[in-house]
Amino acid sequence: DLSHATFSNIEHQNIQFVEYCLRPTVKCFEVEMENKLLFDSEIGEYEIKFNLDGLLRGDLKTRSEYYAKAIQFGWSSRNEVRIIEGLNTVEGLDEFIYPSNEFIVGEKQNENPNNTKKQQE
């Protein structure tokens, strides 16, 4: 009975469907395809995997908050997030950012011009 269902309830039902219904079935397909499509010499070197990540993703707001924290706290680059979202990488977005002021790690920061002037006098 879904008469009192909320978006959150439905989202969790979808995740449970993928985890407890689709994933076991897909695993059977993966094993069977590896056994029938790969040569003996290729087993262990290659794997056949179905990517169900797209079905397990949360709503846009939740993903955006997650990615923002991942980038801000430096445990994911902007290009890594783009790849997860199925977007092309962009040159210059592989650098990790500092959490304090979001500077690029390893890049020398410009000094305050006022401080430099006072030091020169």
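Tutor: We will go from the overall fold to single side chains. Keep in mind that this is a predicted model.

Student: How many helices and strands does the chain have?

Tutor: Start with a count of the elements. Here there are five helices and zero strands. Read from the N terminus, the order is α-α-α-α-α.

Student: What share of the residues counts as buried?

Tutor: A residue is called buried when its relative accessible area is under 20% and exposed when that value is over 50%, with partly exposed in between. By that scale, 15% of the 121 residues in the chain are buried. The accessible surface of the chain is about 10100 Å², and carbon and sulfur atoms hold 54% of that area.

Student: What share of the contacts joins residues at least 24 apart?

Tutor: Take the contacts between residues at least 6 apart in sequence; 28% of them join residues at least 24 apart.

Student: Is arginine 63 buried or exposed?

Tutor: Arginine 63 lies in helix α3. Its relative accessibility is 16%, so the residue counts as buried. Apart from neighbours within four places in sequence, arginine 63 touches Arg57, Gly58 and Glu85.

Student: Now the charged pairs. How many salt bridges are there?

Tutor: The general idea is that side chains of opposite charge can pair when their charged atoms come close. In this chain the count is five salt bridges. One of them joins lysine 36 to glutamate 32, with 2.9 Å between the closest N and O atoms.

Student: Why are lysine 36 and glutamate 32 separated by about one helical turn?

Tutor: Because they sit four residues apart in helix α1, which covers residues 7-37. As for accessibility, lysine 36 is exposed at 63%, while glutamate 32 is partly exposed at 39%.

Student: Which side chain meets glutamate 65 in a salt bridge?

Tutor: That is lysine 61, with an N to O distance of 3.3 Å. Glutamate 65 is partly exposed at 41%, and lysine 61 is exposed at 58%.

Student: Which side chain meets glutamate 95 in a salt bridge?

Tutor: The partner of glutamate 95 is arginine 78, at 3.9 Å from N to O. This pair links distant parts of the chain, 17 residues apart: glutamate 95 is in the loop between α4 and α5 (113-120), and arginine 78 is in helix α4. Glutamate 95 has a relative accessible area of 30% and is partly exposed. Arginine 78, at 23%, is partly exposed as well.

Student: Which residues make the nonpolar surface patch?

Tutor: Tyr66, Phe73 and Trp75 make a patch of about 370 Å². Tryptophan 75 is placed in the loop between α3 (60-72) and α4 (78-84). Its relative accessible area is 47%, so tryptophan 75 counts as partly exposed.

Student: Last, the cysteines. How many disulfides are counted?

Tutor: A disulfide needs two cysteine sulfur atoms within 2.5 Å. By that rule the count is zero. Cysteine 21 is partly exposed at 38% relative accessibility. Cysteine 28 has a relative accessible area of 55%, so this residue is exposed.

Definitions and conventions: Residues are numbered from 1 along each chain as its sequence is written. This is a predicted model: local features need pLDDT of at least 70, side-chain atom pairs count only at pLDDT 80 or more; totals for chains, interfaces and linings use all residues. Side-chain values use heavy atoms; hydrogens and water are left out. Buried means under 20% relative accessible area, exposed over 50%, partly exposed in between (1.4 Å probe, protein chains only). Patches are made of residues with over 30% relative accessible area and no salt bridge: like charges are joined within 9 Å, nonpolar side chains (Val, Leu, Ile, Met, Phe, Trp, Tyr) within 5 Å. Accessible areas come from the Shrake-Rupley method with a 1.4 Å probe; for residues, only the protein chains shown count as cover. A salt bridge is a side-chain nitrogen of Lys or Arg within 4 Å of a carboxyl oxygen of Asp or Glu. Helices (H or I, at least four residues) and strands (E, at least two) are DSSP runs, numbered from the N terminus. Contact means heavy atoms within 4.5 Å.
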